[in-house]
Amino acid sequence: MGKTKHTGPIKLSKKPKPSLWASKVPFGLGKIKPHHIRDTMRVVWENKDNLPYATRILTQGVCDGCALGVQGLKDQTLTGPHLCTTRLNVLRLSTMGPMKEDILHADIDELRKMSSTELRKLGRIPYPLIRKPGDWKFSRISWDEAMDKIASKIKAINPKQYAFYLTSRGITNESYYVAAKTARFLGTNNIDNASRICHSPSKTALTRSVGIGASSCNYKDWIGTDVLVFWGSVAANNQPVSTKYMYAAKRKGTKIIIINPYHEPSMDNYWIPSIAESALFGTKIADDVYQVNIGGDIAFMHGIMKHWFDMEEEEYGSAIDHDFVNEHVNNLDELREKVTAYDWEQLEKSSGLSRKRMMELAELLAKSKSAVFVWSMGLTQHRFGTDNVSQVANLALLRGFLGREYCGLMPIRGHSGVQGSGEMGADPFSLPGGEMDDEGRKRVEKVWNFDIPKWQGDIVGVSLENALLPEDHERKLKLYYMSGGNFLETMPDPDFVKKCLESVDIRVHQDIIFNTSTFVDAKEAVIVLPAMTRYEQPGGGTSTSTERMVYFSPEIKGPRIEEARSEWEIYVDLAKRVKPEESHLIDFKDAYAVRDEIALAAPNYDGIQHLKEKGDLFQWGGAWLCEDGICPTPDGKGNLIPVEIPELRKPEGHFYVTTRRGKQFNSMIYDETDPFNDADRYDVLMNEEDGKKHDIEEGDAIVVYNKYGTFNGRAKFEPIKSGNVEVHWPEGNELIEKGIYEEYAGIPEYHAAAIVEKAETYYAHKDTKYVEKRVEELEMEIS
Ligand code: SF4
C-alpha cells in the first residue's frame, strides 16, 4: 500500500482558455446537447413536495449515483460545486412517498403492463408483501410473517440451494458486509453482486497483473498527466462530473485519447454547467479518437506494443522503461514473443485500425512521461474481458506508468456501491479484505468466530441457471434473495431469465421500488421487503468511490417510509431466525458496530470505524497503489501477461453488435432520447457506408437478428466503425446468447454477431428464408 497521502482538492483557474472552446456560438445553440438547466428545473418540479429534504440529501449525503464520489456537493479533486443530472435524476427515489394502496394491491396483470420507468414513479414499497401461486395481487404481510417464512425455507433446504444477490443501487458497505457475513453464517457461499455484470474482470485482471483490485490512482492524476486514455468508457455520459476533471486536465496540457467503436459525441465536446466558459462555449475534450472494432482492443494493444518492440530494435530505451521493467516487472521475454509473433495484417484485421494509426498512439505513449488509462464496460463485458484489462496493464507496466503521480490504471465504476461490494465480501470469490482462499478464510474466521463454508459459491448467472436443475439436485436453486436488481433487464436472454426466476420456490425482493422482475411468478411465494435508502439508515452508512475514498453518508432528517428497514438489519434479523442458538455471532448493536467490525475483517478499511460525522472520509491504500512500482503480488513485481487475440466469431455478412447507454443510469432509463446524439431507444447506430451497402437509408425500419433473437429498430447513421452496430442496453439484450461467461471473472458476454436487414426484406422472407433455412445457416456459422 502506498505511503503518500491524497493531498485534497485543487483550485480550478477561472481564467478563460478559448483554445479549449468547442464553439464560438454561445450555449452551443443549434447543436445537439443536454439542457442542464431545463433538466434541473424538471427535477426541482418532481421533488416539489419534499424540497427541504431533497436539499439536505444533496448537501449532506454521499451521492448514490455513480462511483465518481461526492460528499454533499464537494469532492476531493477540485474545489467548487460537484453536481450532475444523473444525481438529480435518482434523487426522486429518495424523496418520494409510499405507493398508494390501490397500486400496491393492483391486479398483477395490470402492473405487468408497466415498464420499469413507469413503475419507478409509482412510489416506495411501504411494507412487506407476499404473492403466492394463484394470487392475482400482492397481500400485506407482517415483517415477522415474512421473515419467518424465508427463514423456515432456508432451514429446510441445502445451503447450496439458496443464493443472495445485491445490486449497487445506493447500497452501503455496511449492508454488503453484513450480507456477506450472513450468507456464510447460514452456510452458503452463493452470494454475488452487480459488479459481476460490469467490472468483475477489472478486479480479476488487476489482481493477476499487479496484485490490486481497485484503481491504482486518483482523479487528480488526470490533471497534468501527459496522456489520459479512455478505453471503452464514455465517462462524460456515465460519470458526468468527470468532464470537469477532463477540462482541468486539458488546461494543464493533457492529451485526451478516446478508444471506442463509436465516436461518442459526449466525449468530443461537452458543455460543463459548473464552469462558466464551458457552459457558454463548451469544451473540446477528445484530442484524438481511435475507432476500434468491437472486440478489437487486444489486437490494437498488441499493435502498440509491437511497434514499441520495433522501436527498441532501432534504439534501446526509445519505448520501454527498462529501469522500471528490470526492477518491477516479470515476463518481458514471454510477452515480447507473443506480441511479435502477430503480423500487422492480423492486428489490422482484428482491431479495424491501420498499422499507421496503431503506431501513432504507440509513439505518443512512448514519448510521454506519464499516462493514466481509464476503462469501463467496453473492455470488461466480453468473454475475454480479463485479458482486455490485463493487456491495458501490460501497456502501463512496459512504460512504468504505475505507482506515481499522474500515472495509473483506473477501472471507472458506474455505480456508487460497486467498489465496496466485493471489498466487503459480497462475492463468491471474496471475503472482506481479500480472496476466498484458505488463508483468507482463516483470517476472517478469527473475526467472525464461525466456520466459513469451503465450497465454491456460484456467480449470479449460474445461480439463475441452477433454478432449472432437477428438483433433487444438490444445487437446484430454491430460494433467491435479492437486494435490488432486475435480471430481466440486465442479463442476456430475458425470456430465459424469466423462466429461471419462475422456477424458484421463494423469491425475495428487498428493494425500495417495484421493477418488472418483482411481478414474475414463483413456485411458492414472491416476498417483497421494503428497504431504507442510504439516507434513512440510522447511524448512516459508507460507500467507496472508484478512487478508493470511503465516504461517510449520515442519516438525514426527513420523512420516512412506514415499515422500511436498514438493509443490514434485515440480514441480521434473518440470520437470527434461522440460527437463534448462535445469534450472538451475528449481532450488531448499530451501524457503528458494523463499521468497527469491518475495520477488523478488512484491514484496508482500518479507519472506517472513525467515520461518524458528515464530511468524514478516508482513502484506503493511500494516493497510489503499487507506489514506486512495488506491487502487492507475492514477489512484489507486476506480471506482464501474454494474451491471445480473441476469435471474433463474425461470419460473412454479419455485423458486430454491442450495447450502449443513452440517457440512463445503469438500467434505469430517464429519457427516451439521448441528449448527445438525438438517438431514441430503438435507433440502431450504424455507419452510413454500411447502410448504403445494404440498401438502408437513415430512418429506415430495420431488423437486427441472429439465432438468439430479433431486434426491431430504425437505422441511424452515426460515426461508428464500419461493420459494427450499436443498440441500446437493455433493449438489445435479446440478441445476446445466454450462458456465455468470461473464463476468469464470470461476466456474461454482452456482444454478438448479427445480420442487419431492412424490415420489409426481413418480413417478406421471414417464413421461408429465415425460419426454415436461415436459422440453420446461422447455427452452423456461429457455433
Ligand atoms: S458524477 Fe457521479 S458521483 Fe458525481 S454527482 Fe454525478 S452521479 Fe454523483
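The entries below take up the helix pair and then the strand.

I worked from a predicted model, in which local features need pLDDT of at least 70, side-chain atom pairs count only at pLDDT 80 or more, and totals for chains, interfaces and linings use all residues. Residues are numbered from 1 along each chain as its sequence is written, and side-chain values use heavy atoms, with hydrogens and water left out.

**Helix pair.** I looked up helix α2 (residues 51–60) and helix α3 (residues 85–95), whose axes come within 10 Å and cross at roughly 125°. I noted the contact (heavy atoms within 4.5 Å): α2 supplies Tyr53, Ala54, Ile57 and Leu58, while α3 supplies Arg87, Leu88, Leu91, Ser94 and Thr95. By class, I found six nonpolar residues, two polar and one charged in this contact.

**Strand β5.** I next asked how β5 (residues 227–231) is enclosed: five of its five residues are buried (under 20% relative accessible area, 1.4 Å probe, protein chains only). Val227, Val229 and Trp231 lie on one side, and Leu228 and Phe230 on the other, so both faces are covered.

**Neighbouring strands.** I found β5 paired (at least two DSSP bridges) with β6 (residues 255–259), in the parallel sense over five bridges. There, valine 227 has lysine 255 as its bridge partner. Strand β11 (residues 371–375) also runs parallel to β5, joined by five bridges, and tryptophan 231 is partnered by tryptophan 375.

Notes:
Axes are lines fitted to C-alpha atoms, for helices over the stretch in contact, and angles run from 0 to 180 degrees between N-to-C directions. Helices (H or I, at least four residues) and strands (E, at least two) are DSSP runs, numbered from the N terminus. Ala, Val, Leu, Ile, Met, Phe, Trp, Tyr, Cys and Pro count as nonpolar, Asp, Glu, Lys and Arg as charged, and the others, Gly among them, as polar. Buried means under 20% relative accessible area, exposed over 50%, partly exposed in between (1.4 Å probe, protein chains only).
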